[in-house]
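Subject: Handing over a structure, with notes

Dear colleague,

I am passing on the structure below, and my notes follow it. Please read them with the structure open beside you.

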Amino acid sequence: SCTTPPPPDINDMGDKRHEMDRPIVAKYNESFNGWKRETEILAMAKDTLVEFCKDDDLQPLPDRPGHAAWIEIGGNPDGVFPDTFAVRLSQIYQDISDGGAGGRPGFFSYDMTAIIAKDTYTAAYEAAQVATTGAEILASEKRRAVFALCRPPGHHSSEDLAGGYCFFNNAGIAAERLIKHHGFGNVVILDIDYHHGNGTQAIFYKRHNPMYASIHGDPDYPYFWGRAEETGEGEGKGANVNVPLPIGTGDDEYLAALDALIANHIVPYGIQALVVSLGVDTFGGDPVGSFNLTSACFERIGERLARIGVPTLFVMEGGYAVSEIGTNVTNVLLAFERAA
Ligand code: OKP
Ligand code: ZN
């Protein structure tokens, strides 16, 4: 059955971000191919923000409807959400200005779960900044791994569409940073959130670098994306890999699928850096996801990611079993460090 949890309280997170400035949880001294064997945990690292990714294709649209613009045209100040989605438009309507208070937000979103409240833009922007900072630290300080603790998440958002609690594609922006600013070839965005990252797939569908690879529940949200037949287009052909697994999937089947994905696609691709879209809503007790992974399984996942053997940026996505989310995330990271 489908229970809808309350959306993440973005304004609350905004208030807490200053208290969570960059705790470093683990350090190792040995080196890894000249890279520091150290995972740095970033949480809304406001004081260390680096310039936002300048690449045109990943910039948020300047006229994406914000909260202030919504109020100006008579929208409800409690939150921006559409009453119409501008799908299958005739050529006559190609501009956001054709929508009123209910129509404009529908031009840049595809569902009702990416509501924009007063401080949403700031929170989403800073989450993208945290991911970018993570990419910077990974590359310029040559870390073995960095964890960017981003909320709101990003993988359902493409360049110009918000949805699924996502506004800016944090992992995509970070991957682009590694490629365009640090010269990485063959970056893989491995999406282990329970849900298919349709936004990330869309952004990179026609590109060979980065590869997008996802293991996700099917059939489930976002419903119209994520089948195995979606393998990329043009230069991107073969660099999009979807592994849909049935509702109820447990540890053994999940790990077998992950092993196969790594061995058959990620290693042969010639991976040079890994960006993990780290959702832990695959956990059995998660109220939104419907897999059955145990907390111990997240350690097995961390070990496998470490054995890929490349610089790794973890970017937080989903995870809604609030009392277990900390254990499940740190299980991935600590097992990664032990195996690295
Ligand atoms: C965001 B992320 C449940 C509906 C849930 C939205 C899910 C967004 C998940 N019946 N709809 O990938 O964790
Ligand atoms: Zn998810």
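This is a predicted model: local features need pLDDT of at least 70, side-chain atom pairs count only at pLDDT 80 or more; totals for chains, interfaces and linings use all residues.

To begin with the chain as a whole, its secondary structure comes to nine helices and eight strands, and of its 340 residues 47% are buried. The UniProt entry, which is unreviewed, carries the annotation "domain: Histone deacetylase" for residues 111-333.

The interior comes next. In soluble globular proteins, nonpolar side chains tend to be buried together. Here the largest nonpolar core has 79 residues, and those with the most contacts inside it are Ala131, Ala148, Ala174, Val275 and Val315. Helix H4, which covers residues 120-140, gives the most to this core, namely 10 residues. If neighbours within four places in sequence are left aside, Ala131 is in contact with Ala148, Cys150, Asn170, Ala171, Ile173, Ala174 and Val315, and among these partners Ala148, Ala174 and Val315 are again on the list of residues with the most contacts in the core. Gly134 also lies in helix H4, and it counts as buried because it has 31 C-beta neighbours inside 10 Å, where 20 or more are required. Although Gly134 and Leu178 are 44 residues apart in sequence, their C-alpha atoms are 9.9 Å apart in space.

One pair of helices can be described in some detail. Two packed helices are described by the angle between their axes and the distance between the axes. For helix H7 (residues 251-266) and helix H8 (residues 295-308), the angle is about 10° and the axes are 10 Å apart. Because angles under 35 degrees count as roughly parallel, H7 and H8 are roughly parallel to each other. On the H7 side the contact is made by Asp251, Tyr254, Leu255, Leu258, Asp259, Ile262 and Ile266, while H8 contributes Cys297, Arg300, Ile301, Arg304 and Ile308. Sorted by class, the contact has eight nonpolar and four charged residues, and no polar ones. Ala296 is likewise in helix H8, but with 11 C-beta neighbours inside 10 Å it counts as exposed, since the limit for that class is 12 or fewer. Ala296 and Val332 are 36 residues apart in sequence, with 9.1 Å between their C-alpha atoms.

Some backbone details in the loops also deserve a look. A cis peptide bond, with omega about 0°, joins Arg151 and Pro152, and Pro152 sits in the loop between strand E3 (143-149) and helix H5 (170-182). The peptide bond from Tyr221 to Pro222 is cis as well, with omega near 10°, and Pro222 belongs to the loop between strand E5 (211-217) and strand E6 (240-245).

Positive phi values are found in residues that are not glycine, including Arg88, where phi is near 45°, and Asn186, where it is about 50°. Arg88 is placed in the loop between helix H2 (67-72) and helix H3 (104-107), and its 5 C-beta neighbours inside 10 Å mean that it counts as exposed. Asn186, in the loop between H5 and strand E4 (187-191), has 17 such neighbours and therefore counts as partly exposed.

The loop between H2 and H3 also holds Gly102, which is partly exposed, with 16 other C-beta atoms within 10 Å. Not counting residues up to four places away in sequence, Gly102 touches Pro82, Asp83 and Thr84, and its C-alpha atom is 7.1 Å from that of Phe81, a residue 21 places away in sequence.

With best wishes

Note on methods. Residues are numbered from 1 along each chain as its sequence is written. Chains are lettered from A and ligands numbered from 1 in the order in which they are written. Axes are lines fitted to C-alpha atoms, for helices over the stretch in contact, and angles run from 0 to 180 degrees between N-to-C directions. Helices (H or I, at least four residues) and strands (E, at least two) are DSSP runs, numbered from the N terminus. Angles under 35 degrees count as roughly parallel, over 145 as roughly antiparallel, 65 to 115 as roughly perpendicular and the rest as oblique. Two residues are in contact if their C-beta atoms, placed from the backbone, lie within 7 Å. Ala, Val, Leu, Ile, Met, Phe, Trp, Tyr, Cys and Pro count as nonpolar, Asp, Glu, Lys and Arg as charged, and the others, Gly among them, as polar. A nonpolar core is a set of buried Ala, Val, Leu, Ile, Met, Phe, Trp, Tyr and Cys residues joined through C-beta atoms within 7 Å. UniProt positions are given in the numbering used here, feature names are shortened, and annotations may be inferred rather than shown by experiment.
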